[in-house]
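User: I am new to this structure and would like to learn how to read its features one at a time. Could we start with the open spaces and then move on to the contacts?

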Amino acid sequence: MKLKGWKELEIGAVIPEPGNADNYNTGSWRAFRPQWIEDNCIQCLFCWIYCPDSAVTVKDGKRGEFDYDHCKGCGICANECPGKKGNKAIVMVEEGK
Amino acid sequence: MGKKLAVTGNQAIAEAMRQINPDVCAAYPITPSTEVMQRFAAFVADGKVGTELVTVESEHSAMSACIGASAAGGRVMTATSSQGLALMWEMLHIASGMRLPVVMTLVNRALSAPINIHGDHSDGMGSRDCGWIQLYSENAQEAYDNLIQAIRIAEHESVRLPAMVCMDGFIISHSIESMEFLPDETVKEFIGEFKPTHPLLDVDNPVTYGPLVLPDYFIEFKRAQHEAMSHVKDVVLEVAKEFEKISGRSYGLFESYRLDDADIAIVILNSAAGTAKDVIDVFRDKGLKVGLLKPRLFRPFPYEEVAQALANVKVIGVLDRAESLGGFGPMFMEIASAMMTNGSNPLMVNKIYGLGGRDFMPEHAEAVINELKEIMDTGKVKVLKEYIGVRE
Ligand code: SF4
Ligand code: SF4
C-alpha cells in the first residue's frame with residue numbers, strides 16, 4: 001500500500017469509509033501462528049467466539065481456516081480450544097519455523 | 001449601533017455566548033469564570049438560547065462532552081479557569097488533534113500550589129502547546145469582541161481548530177466597566193451558520209473519529225495541523241477587517257502603542273497593558289521614546305510581524321505574568337525567538353510580575369522603564385530575568 005502524504009489526509013484523522021480496517025493487514029505483527037488440526041476439532045466454535053480479531057472463519061456453522069491477514073497471533077484460541085480427548089485442535093507455532 | 005452598558009468581564013462573555021447561541025455548552029464552573037456559566041445557564045433556563053447545556057462532574061468531562069458534541073456536528077462553547085483548564089489538559093490535545101472548532105473562554109487564574117484564585121497567565125501559558133488558537137484580551141470589550149471573532153476564526157475552512165479567548169481573572173472578570181454590545185442580529189449574521197466537516201449525526205455517511213495512528217502516519221497528521229495553524233494569522237486579520245465594519249473597532253495580531261519611533265519597548269499581555277500605556281504617556285511627555293506591544297494572538301505566535309514592529313527598538317523589556325520555572329517567562333521566549341530569527345539583536349530583559357493576582361502598579365511600569373533606559377544608556381544588562389513587585 002502506498003503511504004499518503006500529509007496533504008492527502010482526511011482532516012483530524014477521521015475515517016470516512018466504514019469497515020476499511022479490513023484493508024489493514026495486521027497479520028504481519030504475528031510472532032506465533034495458530035495451526036488448526038482438523039482431526040482434533042469438535043466444532044465447538046470456542047475459537048471463533050474468543051478471537052479478538054475475528055480471524056477464525058466460519059461457514060455454515062463450521063469453522064474453516066484462519067484468516068492469517070488479520071490474525072495477530074495472540075494465542076487465545078489455542079488456549080481456549082478443548083480439542084478432542086485432551087488433544088488440542090489449535091497449536092501455536094513460531095513464525096518462520 | 002449597539003448599546004453601551006456597564007458590565008463585568010464575565011457578563012460580557014455570557015452576553016456574547018447568548019448572542020452566539022451555541023448548539024451545545026458543557027461546563028463545570030470554576031472561579032473566576034463561574035459567573036459566565038451562571039449567567040449563561042439563566043439564558044438557557046429562560047429560553048433566551050437554544051443551547052443544550054450539559055452539566056458535568058469535572059472539567060475533564062466538560063471538554064470531553066464538548067469534543068463529542070463538536071464531532072457530532074454542533075457549534076460548541078465552554079468556559080473555565082486555572083485548575084479547570086489543567087484538568088482538561090489531555091482533552092485539549094484531543095480537541096485540536098481531531099480538528100474540532102470548540103471555542104472556550106479562559107478567565108486566567110494562577111495554578112496551585114499554593115492555592116490561589118486570582119489572575120495570572122500560568123493556566124493559558126501552560127496550555128500553549130495544546131494546539132489551540134489563543135487570543136488574549138485587555139478588557140471586557142476586547143474579550144467580548146475576541147469571543148465573537150473566535151467563532152469565525154476557529155470554524156474557518158482553512159483552520160478548523162479550537163480557540164480560547166483569555167482575559168484576566170478578577171481584574172477584568174469581576175470589574176465593572178463600560179463597553180459596547182453589538183445588536184443580536186448583527187452578531188448572528190456575522191458568525192453565520194456552522195458547517196461541520198464530518199458530523200457524526202450524519203448517519204448516511206458514517207465516520208470514525210479518534211482512530212489509532214501509528215508511526216507510519218502520526219507525524220503527517222501533525223504536519224497537517226501545523227499547516228492549519230499557519231493559516232490562522234491571515235484568517236484573524238480577515239475576520240478583524242470584517243469585524244471592524246460592524247463594530248468600528250479595529251484589531252490586529254497585536255496592538256502597537258506609541259511604538260513607531262520608540263527606542264525602548266515594553267511587551268506585556270492583557271489588563272496590565274492598560275496600566276503600562278498610562279505610564280508610557282508620562283515618559284513620552286518627558287521626551288523618552290518608549291512604546292508598547294501587546295500581543296493579541298499568542299498561538300500561533302506572529303513572529304515575523306512582531307519582529308518587524310520591534311525592529312528599530314534598542315531595548316525591550318518583556319513582562320510575563322507567568323513563570324516557566326527554570327526558564328524565561330513564556331512571552332520572553334517568544335519575543336527572543338522572534339528577534340533572533342529576524343536577525344535583530346536588541347538588548348532584552350525579562351520581568352516576572354503579578355503572579356497570583358498581585359497588582360501591577362504604575363510604579364512597577366515606571367521602574368521597568370527607568371531600568372530599560374539605563375540599559376540603553378550603558379549598553380549593559382545586569383540581570384536578565386528578575387521578579388518585580390516582590391518583597392525581599
Ligand atoms: S491467535 Fe489470536 S488472533 Fe489469531 S486466530 Fe487465535 S485468537 Fe484470533
Ligand atoms: S476451539 Fe478447537 S475444537 Fe473448538 S472449534 Fe475451535 S479448533 Fe475446533
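User: Which helices of chain B each supply at least two residues of the lining of the second largest pocket?

Analyst: Rolling a probe the size of a water molecule over the atoms shows where empty space is left. In this predicted model, helix H4 (82-97) and helix H8 (218-247) of chain B each give at least two residues to the lining of the second largest pocket. H8(B) provides the largest share of that lining, with 8 residues.

User: What is the volume of the second largest pocket, and which residues are closest to its centre?

Analyst: The second largest pocket has a volume of about 550 Å³. It is lined by 26 residues, and the closest to its centre are A:Gly12, A:Ala13, B:Gly97, B:Phe221 and B:Gln225. By residue class, the lining of the second largest pocket divides into 13 nonpolar, 7 polar and 6 charged.

User: How many residues line the largest pocket, and how do they divide into nonpolar, polar and charged?

Analyst: The largest pocket holds about 1,000 Å³ of space. Its lining has 29 residues, and those nearest its centre are A:Ile15, A:Asn20, A:Tyr24, B:Leu212 and B:Tyr217. In the lining of the largest pocket, 16 residues are nonpolar, 4 are polar and 9 are charged.

User: Next, the interface. What area do chain B and chain A bury between them?

Analyst: The size of an interface is often given as the accessible area lost when the parts come together. Here chain B and chain A bury about 1,600 Å² between them, and carbon and sulfur atoms account for 72% of it. On the side of chain B, the residues that lose the most area to chain A are B:His198, B:Tyr217 and B:Phe221, together 31% of what that side buries. The contact involves 20 residues from chain B and 16 residues from chain A. B:Tyr217 is also one of the residues nearest the centre of the largest pocket, and B:Phe221 is among those closest to the centre of the second largest pocket.

User: How many salt bridges does the rule find across the interface of chain B and chain A?

Analyst: Side chains of opposite charge can pair when their charged atoms come close. Across the interface of chain B and chain A, the rule finds 0 salt bridges. A search of the whole structure finds 27 salt bridges over all chains. One of them is in chain A, where A:Glu95 forms a salt bridge with A:Arg33, with the closest N and O atoms 3.2 Å apart. This pair links distant parts of the chain, 62 residues apart: A:Glu95 is in the segment after S4 of chain A, and A:Arg33 is in strand S1 (residues 32-36) of chain A.

User: How many salt bridges are counted between domain 1 and domain 2 of chain B?

Analyst: The count between these two domains is 5 salt bridges. B:Lys233 also forms a salt bridge with B:Glu304, where the closest N and O atoms are 2.9 Å apart.

User: The backbone is left. Where are cis peptide bonds found?

Analyst: One cis peptide bond runs from B:Ala113 to B:Pro114, with omega near -5°. B:Pro114 lies in the loop between strand S5 (103-108) and helix H5 (122-126) of chain B. Another cis peptide bond joins B:Arg299 and B:Pro300, with omega about -10°. B:Pro300 is in the loop between strand S12 (297-299) and helix H10 (303-309) of chain B.

User: Which residue has a positive phi although it is not a glycine?

Analyst: A:Lys85 has a positive phi of about 50°. A:Lys85 sits in the loop between helix H2 (76-80) and strand S4 (90-94) of chain A.

Definitions and conventions:
Residues are numbered from 1 along each chain as its sequence is written. Chains are lettered from A and ligands numbered from 1 in the order in which they are written. This is a predicted model: local features need pLDDT of at least 70, side-chain atom pairs count only at pLDDT 80 or more; totals for chains, interfaces and linings use all residues. Side-chain values use heavy atoms; hydrogens and water are left out. On a 1 Å grid over the protein atoms alone, a cavity is a set of points where a 1.4 Å probe fits but cannot get out, and a pocket is an open set with protein on both sides within 12 Å along at least five of seven lines; lining residues have an atom within 4 Å of a point. Grid points are joined across faces, edges and corners, and a volume is the space filled by probe spheres set on the points. Ala, Val, Leu, Ile, Met, Phe, Trp, Tyr, Cys and Pro count as nonpolar, Asp, Glu, Lys and Arg as charged, and the others, Gly among them, as polar. Helices (H or I, at least four residues) and strands (E, at least two) are DSSP runs, numbered from the N terminus. A salt bridge is a side-chain nitrogen of Lys or Arg within 4 Å of a carboxyl oxygen of Asp or Glu. Contact means heavy atoms within 4.5 Å. Buried area is the accessible area (1.4 Å probe) that two parts lose on being put together, summed over both.
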